[in-house]
Structures are given as structure tokens and as C-alpha cells.
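I opened the notebook today to record what I looked up in one structure, one topic at a time.

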Amino acid sequence: MPTFVIREAADVLLPYITCMVNASLCQGTVPASQKHAIITPLIKKQDLDVTDMANFRPVSNLTFTSKVTERAAVEQLNEYLNAEDLLPRNQSVYRKRHSTETVMIRVLSDALMAADRQQVTLLGLLDLSAAFDCVDHTLQLQ
């Protein structure tokens, strides 16, 4: 069902969507009907050859209810991890009010504090933006 239809009838559909999400979370599984996606190939970079399929990456568009279920699961998991203080103090990913800027401020602060103590700071950065393209998929499947 298209998302705009769900939005227009949200007041009527909300109890059913809530029931579906709660059932998925209680059973630990998503109904087979929600495991389908529309996959669209997108070119990795505009200047690449469009006739070579290796230059495309698949983008999956999931159903509305599977996205709602995922968001509910993430919220519950984050709430639990934060309540039990299970996340590392310096972790920024998947946390509210944390971002790449938070990480950069921490790295800069640590470097400046080390400089104040006349210590050497080394920073190794790794760009993994195209790492998946370098994977031997046959080997990975084995």
C-alpha cells in the first residue's frame, strides 16, 4: 500500500499498524509480506559507464510497516542500552544528540590536551566509502 494512502487513513489504520508492529516485536520476526523490497539500481558516480552493471549499487525501498517496525525496535533497543548504561561513553553513532561533529570535537580536544602535555598525537584515518566494491563476493559467500 502506498505511504500516502496510509497517511491519509492513519487514524483508521493506526490500531492495525500498532498491532502488526507489536506482534513482530513479540514474535521476533517480520511477516513474509513485509520482507519484500523494490530494488532500484543507482549509479555510484555520475561519470561512470552506465552500460557496466558493476558501476551501480542496489537501493532497496522497504514497505512502510517494515520501516515502522524497524524504527520501533531501534527505539526500544536504544532506550534499553541507555537505561542500562551499556553503550561506550565515546560512541556517537546511533545516539541522540551525537553526530560526526561530536566525534570531531572529541578528537580535536584529545589532540589539544596531548599537545598541552607535550605528547605526540598520531591520527590514522581510513576511508571505507568504497570498501564494499573491493570485497571478493565469492570468497565472502564461502
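**Basis.** I note that this is a predicted model, in which local features need pLDDT of at least 70 and side-chain atom pairs count only at pLDDT 80 or more, while totals for chains, interfaces and linings use all residues. Residues are numbered from 1 along each chain as its sequence is written, and side-chain values use heavy atoms, with hydrogens and water left out.

**Helix α3.** I looked up α3, which covers residues 64–83 and has 20 residues; helices here are DSSP runs of H or I with at least four residues, strands are runs of E with at least two, and both are numbered from the N terminus. From its first C-alpha to its last, α3 reaches 29 Å, close to the 28 Å expected at 1.5 Å a residue, where the expected span is 1.5 Å times one less than the number of residues.

Which residues of α3 are buried? I found T65, S66, T69 and L81, with buried meaning under 20% relative accessible area, exposed over 50% and partly exposed in between, for a 1.4 Å probe and protein chains only. Seen down the axis of α3, its buried residues fall within an arc of 135 degrees, so they line one face of the helix; the arc is that of the directions from the helix axis to the C-beta atoms. On the other side of α3, I listed R71, E79 and A83 as exposed. The cover over the buried residues of α3 includes α2 (10–27) and β2 (56–62), contact being heavy atoms within 4.5 Å.

I also checked E75, which lies in α3 and is partly exposed, with a relative accessible area of 40%. The C-alpha atoms of E75 and Y16 are separated by 20 Å, and these residues are 59 residues apart along the chain.

**The largest pocket.** I recorded about 340 Å³ of space in the largest pocket. On a 1 Å grid over the protein atoms alone, a pocket is an open set of points with protein on both sides within 12 Å along at least five of seven lines, and lining residues have an atom within 4 Å of a point; the volume is the space filled by probe spheres set on the points, which are joined across faces, edges and corners.

The lining has 18 residues, of which M1, I6, T63, F64 and T65 lie nearest the centre of the pocket. At least two lining residues come from each of α1 (3–8), α2, β1 (37–43), β2 and α3, and α2 gives the most, with four residues.

**R57.** I placed R57 in strand β2, and at 42% relative accessibility R57 counts as partly exposed. R57 touches T40, P41, L42 and K44, not counting residues up to four places away in sequence. R57 and L42 are 15 residues apart in sequence and 5.4 Å apart in space, C-alpha to C-alpha.

Most residues other than glycine have a negative phi. Where is D85 found? D85 is in the loop between α3 and α4 (100–116), and D85 has a positive phi of about 55 degrees although it is not a glycine. At 65% relative accessibility, D85 counts as exposed. I then noted Q118, in the loop between α4 and α5 (137–141), which has a positive phi of about 55 degrees although it is not a glycine. Q118 is exposed, with a relative accessible area of 76%.

Key
On a 1 Å grid over the protein atoms alone, a cavity is a set of points where a 1.4 Å probe fits but cannot get out, and a pocket is an open set with protein on both sides within 12 Å along at least five of seven lines; lining residues have an atom within 4 Å of a point.
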